[in-house]
Amino acid sequence: MAAQGKGLSGVSKQLHDYLPALVLFVAVLLVWEFGVALLEVQQFLLPAPSVIGDAFQENLDRLIHVGWFTTKEALGGFVIGCAAGILVAFATARWTLASETLMPFAIAANSVPIIAFAPIVNNWFGVDNPLSKMVIVAVIVFFPMMINTVRGLTLVDPAALELMRAYAASEVEILTKLRFPNALPYMFNAFKIAATLSMIGAVVSEYFGGNRSALGIFITQEAAQFRFANAWAAIIVASIVGVTFYLVVLLVERVTIPWHSSVRGEQAR
Amino acid sequence: MIEDLQTAVVRLDDVDKVFNQGTGNETVALKNIDLDVRPGEFVSIIGPSGCGKSTLLRLVGDLVQPTQGEVLVNGKPARQARLDQDYGIVFQAPVLFEWRSIINNVQLPLELRGVKKAQRTARARELLGMVELSGFEQHYPWQLSGGMQQRASIARALAIQPELLLMDEPFGALDEMTRERMNMELHNIWRRTETTVLFVTHSIAEAVFLSTRILVMSARPGQIMHVVDVDLPVPRGEHTREETAYFEAETEVREWLRKAKGYRA
Amino acid sequence: MDAVTGKQTQIRKTQTRFSLRPLPHPVRQALSLLVVFILLALIWEGVKWIGGDMWRPESNPFGISHDPPFRFKIASDLNLPHLWDIFEAFGNASRRNGPPLIAVLFDASVFTFREAVVGFLLGGLLGFILGTLFAHVTLLNRGCMPYVVASQTIPILAIAPMVVIWLKAGWVSVAVIAAYLTFFPVTINTLRGLRSPDPTALEMMRAYAASRWDVMWKLRFPAALPYIFTALKISATASIVGAIIGELPSGIRGGLGGAILNFNSYYISGPSRLWATIIASAVVGIAFYLLVTAVEAYILRNRQVAGDAGKL
């Protein structure tokens with residue numbers, strides 16, 4: 001019921017919600033800046049925020065260039081992995097037996113450190129080829145996507161299923177009108193996981209070699225040459241892209257499933 | 001009772017239902033059920049919990065299949081009747097889809113029937129008016145109280161203008177006052193639509209107030225122990241609850257329920 | 001017969017929850033495991049049959065000679081070794097006069113597993129403490145939560161070198177990196193789990209004048225356990241990934257991450273060794289996951305639905 005008053009007090013309420021986070025942000029920056037100066041922390045241990053800021057400005061063009069390159073890899077992997085995960089989930093959820101047999105394997109496969117495959121995939125498609133990073137990202141993203149979608153399609157209220165059967169709904173209608181909408185919140189959870197995983201996956205897989213204009217390569221090179229401020233600036237770029245990616249998914253979720261409790265906020269308790 | 005086969009809306013002929021047959025935890029839910037429901041009747045099924053009331057209702061709706069015997073709805077096998085959408089159903093929980101607005105929830109059965117959009121919207125509006133939910137068309141289920149949600153689910157059950165309405169303890173989760181009001185509303189809807197109703201409940205007052213006939217069931221294995229005919233004039237209202245015939249019927253049901261094994265009043 | 005099986009599937013469909021735990025019959029499960037593995041192996045060798053390199057009779061156990069009609073780059077002996085070659089690699093020495101690869105990989109697995117477990121425990125504890133704090137102090141929750149989420153968008157590999165400099169190169173710093181990946185799911189699900197009890201249950205505790213401490217340990221924590229285990233299962237995997245990744249830039253060569261780097265640089269001369277290492281990593285990841293699942297099954301053995309609460 002609390003959600004009903006929403007919208008009226010929009011701006012001030014939002015400010016109230018985010019104020020503690022903002023205050024903390026400023027406080028941490030200040031402590032970091034002066035702490036580093038006071039304790040005379042070495043550059044290579046932890047550069048001060050102002051130094052990172054300078055590095056950020058100096059390398060802005062290069063950072064945008066490498067950041068965009070890796071973002072494309074992450075996006076490509078996200079799309080391929082999510083599409084494949086959803087497809088397989090729909091295919092297996094169609095047959096109860098198939099999904100019950102395959103789910104334990106999918107869950108087990110999800111606990112395989114996929115990143116270990118990065119060097120192999122590099123060999124397959126070429127170290128410089130963005131496709132090899134996309135494939136790794138896609139595989140990382142695939143399992144959470146598939147597992148969550150199968151869950152959403154199968155964890156349906158039995159009474160709702162009975163209702164659909166009482167009205168002689170066909171299998172297709174049950175899928176489109178009940179299972180699919182039921183799965184949407186689960187799928188958005190997976191999209192959110194996939195959003196952050198895809199950027200991390202792309203950067204990390206670049207560690208095993210990659211195009212010179214990639215963010216991960218930039219970070220390792222700068223760190224290897226003890227230009228840590230530059231490395232930190234690049235880390236912040238990766239983080240910004242990841243957060244943006246996550247927020248976009250959040251926004252789409254808000255538009256797509258406004259009815260779900262995760263969107264309309266905590267239910268009145 | 002002599003029944004005309006053709007006019008029976010629901011007909012059960014020596015029906016048994018055994019769950020988990022052939023496994024370790026075999027349970028006989030229903031035994032030797034014979035039942036005829038004539039058009040326009042309001043038949044309540046009452047009995048101790050776990051006696052198979054809901055199973056009986058689900059047999060009629062072809063949501064479970066009998067182990068033995070035959071279930072006919074409108075003279076055809078229950079399965080065919082379900083595929084023809086011959087009945088509407090209301091569960092104890094409203095079972096509204098949280099992703100659909102109230103009006104879209106009410107429209108669902110019409111959608112499954114392939115009714116055109118304009119037509120089904122008009123029908124849904126009309127029904128929401130009937131259950132006094134006008135103005136809540138665009139609300140989502142979570143914005144409505146429990147009683148309002150259940151009214152919406154009744155509207156949904158009525159959407160296809162069914163000749164038969166199956167209700168499984170529809171007001172079980174509501175408070176006494178809301179329940180009495182809903183009973184009144186359901187009675188009026190029944191009168192106006194002349195629908196046949198099969199109604200599962202564990203409230204004696206509710207059963208007597210609404211029904212033309214009450215089936216009292218025994219504890220597991222569920223059997224129909226006794227049939228109480230309720231000869232209260234229609235339309236019924238607040239005055240009905242004060243009539244002698246009302247008390248007599250209540251007493252009769254209560255006494256038979258006591259005989260049902262496992263019933264603790 | 002048909003009627004009975006039909007009824008059973010019907011009953012299964014009407015059950016409230018889709019079972020994510022292993023199938024009821026262990027035999028059937030073992031069988032399906034076997035079938036899936038055989039299928040995967042068939043696909044693998046099938047690809048090699050269609051588009052791999054020449055099959056020489058002396059180098060495969062069946063003595064088959066076969067010239068695949070196509071030559072896919074992916075399916076070459078370098079990029080996709082024959083399964084028997086990979087299994088053979090386990091038995092061969094990884095370097096001249098060294099112990100067999102399987103012994104090397106076993107040591108590496110134990111090494112990485114140790115880092116992961118320590119990281120898992122550190123991260124799990126940190127996550128639990130943070131979740132508990134956030135559940136009780138709203139201001140802290142609102143102030144810190146966005147950064148906890150943001151922390152997961154930082155590629156750990158990038159901060160790993162710095163962690164290694166801070167804590168000196170050694171398995172402890174790798175454990176810290178593993179903990180960084182571990183704490184997040186536990187934080188989120190501890191918070192959700194501690195908030196999960198029914199409001200009436202909370203009111204009942206208040207009615208008995210239970211202290212905050214009692215409410216925490218007698219109601220909130222038990223209610224949160226299924227949520228926490230869900231997170232721990234995710235964290236088990238994450239800690240292995242974290243340990244492998246943490247080894248890469250820190251110059252630690254005793255574990256699986258080191259082995260991957262090592263065999264990757266000698267890939268041309270022996271691709272099977274890298275594949276064998278990947279299989280070892282997969283086994284360690286799955287084993288840790290199963291270990292946590294087993295602990296969960298034991299601790300939550302009396303709960304109605306374990307294992308499916310608060311999916312992330």
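Student: Which pattern does chain A follow, read along the sequence?
Tutor: Happy to start there, with a predicted model whose local features need pLDDT of at least 70, whose side-chain atom pairs count only at pLDDT 80 or more, and whose totals for chains, interfaces and linings use all residues. Residues are numbered from 1 along each chain as its sequence is written, and chains are lettered from A in the order in which they are written. Helices (DSSP runs of H or I, at least four residues) and strands (E, at least two) are numbered from the N terminus. Chain A has 11 helices and 0 strands, and its pattern is α-α-α-α-α-α-α-α-α-α-α.

Student: Which element of chain A has the lowest mean pLDDT?
Tutor: pLDDT is the predictor's confidence in each residue, from 0 to 100. Chain A averages 84, with 89% of the residues at 70 or above. Helix 3 (residues 60–94) of chain A has the highest mean, 93. The lowest mean, 64, belongs to helix 11 (residues 261–264) of chain A.

Student: Over which residues of chain A does pLDDT stay under 50?
Tutor: Where pLDDT is low, the predicted coordinates should not be read in detail. Contact here means C-beta atoms, placed from the backbone, within 7 Å. The model has 5 contacts beyond four places in sequence for the stretch in question, residues 1–8 of chain A.

Student: How many residues of the side of chain A that touches chain C are nonpolar?
Tutor: In total, 47 residues of chain A are in contact with 47 residues of chain C. Elements giving two or more residues to this side of chain A include helix 1 (10–38) and helix 8 (171–205) of chain A. Nonpolar covers Ala, Val, Leu, Ile, Met, Phe, Trp, Tyr, Cys and Pro; charged covers Asp, Glu, Lys and Arg; the others, Gly among them, are polar. On this side, 9 are polar, 4 are charged and the nonpolar residues number 34.

How values were computed. Two residues are in contact if their C-beta atoms, placed from the backbone, lie within 7 Å.
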